[in-house]
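Dear colleague,

Please find below the structure that I am handing over to you. I would ask you to look at it first and then to read the notes that follow.

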Amino acid sequence: MKHLYLILIITIPVLVLIISIFSVISKNKTKKKKEKILIGRGDDCDIIVPEEFDDVSRNHASIYKENEKLVFEEHSSNGSYINDKKVHETKQFINKKDVIKLGENYIINRDEIFRYFPEQEFSPSTIVKKRK
């Protein structure tokens, strides 16, 4: 009986440690699900654009949920394009097939968006409203 207690005393902390390590590894592999992400060259952005794309602002755009759909909102005077159509001072619903370009050259990788909104249903692209 003493041996059983000794085995349990040693085994339980080791199992807790292993579970903790796998939990940390799992969290680092997937991005946290968010309600809103920022995109730009700034260090505080969720999707950080490389510095060589100087026509992309530090806080260029955001993507967030509205009525269970994803909305792209542009914040930059440099402009953005969805499917080669200029988006300026508007917010627009986006779908999985949309090509989103910031400035003249930086195309957002769709996989980056899906990391933050993995279960999100996309809707057809529609201009929602002009910002004031």
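How many helices and strands are there in the protein chain? There are 2 helices and 10 strands. Please bear in mind that the model is predicted. Along the sequence, the elements follow the pattern α-β-β-β-β-β-β-β-β-β-α-β.

The protein chain has 132 residues, and 37% of them count as buried. Its accessible surface comes to about 9,000 Å², with 57% of that belonging to carbon and sulfur atoms.

The side chain of R115 makes a polar contact with the side chain of E112, at 3.1 Å. R115 and K34 are 81 residues apart in sequence, yet their C-alpha atoms are 9.4 Å apart in space.

The second example is S57, which lies in the loop between strand 2 (47-48) and strand 3 (61-66). Is S57 buried or exposed? Its relative accessible area is 19%, and since buried means under 20%, S57 is buried. Leaving aside neighbours within four places in sequence, S57 is in contact with G40, R41, S76 and N78.

Yours sincerely,
A colleague

Conventions
Residues numbered from 1 in each chain as written. Predicted model: local features only at pLDDT ≥ 70, side-chain atom pairs only at ≥ 80, totals over all residues. Heavy atoms only, no water. Polar contact = N/O pair within 3.5 Å; in protein donor to acceptor, adjacent residues only side chain to side chain. Helix = DSSP H or I, 4+ residues; strand = E, 2+ residues; numbered from the N terminus. Buried < 20%, exposed > 50% of the residue type's maximum accessible area, 1.4 Å probe, protein only. Contact = heavy atoms within 4.5 Å. Areas by Shrake-Rupley, 256 points an atom, 1.4 Å probe, with all protein chains shown as cover.
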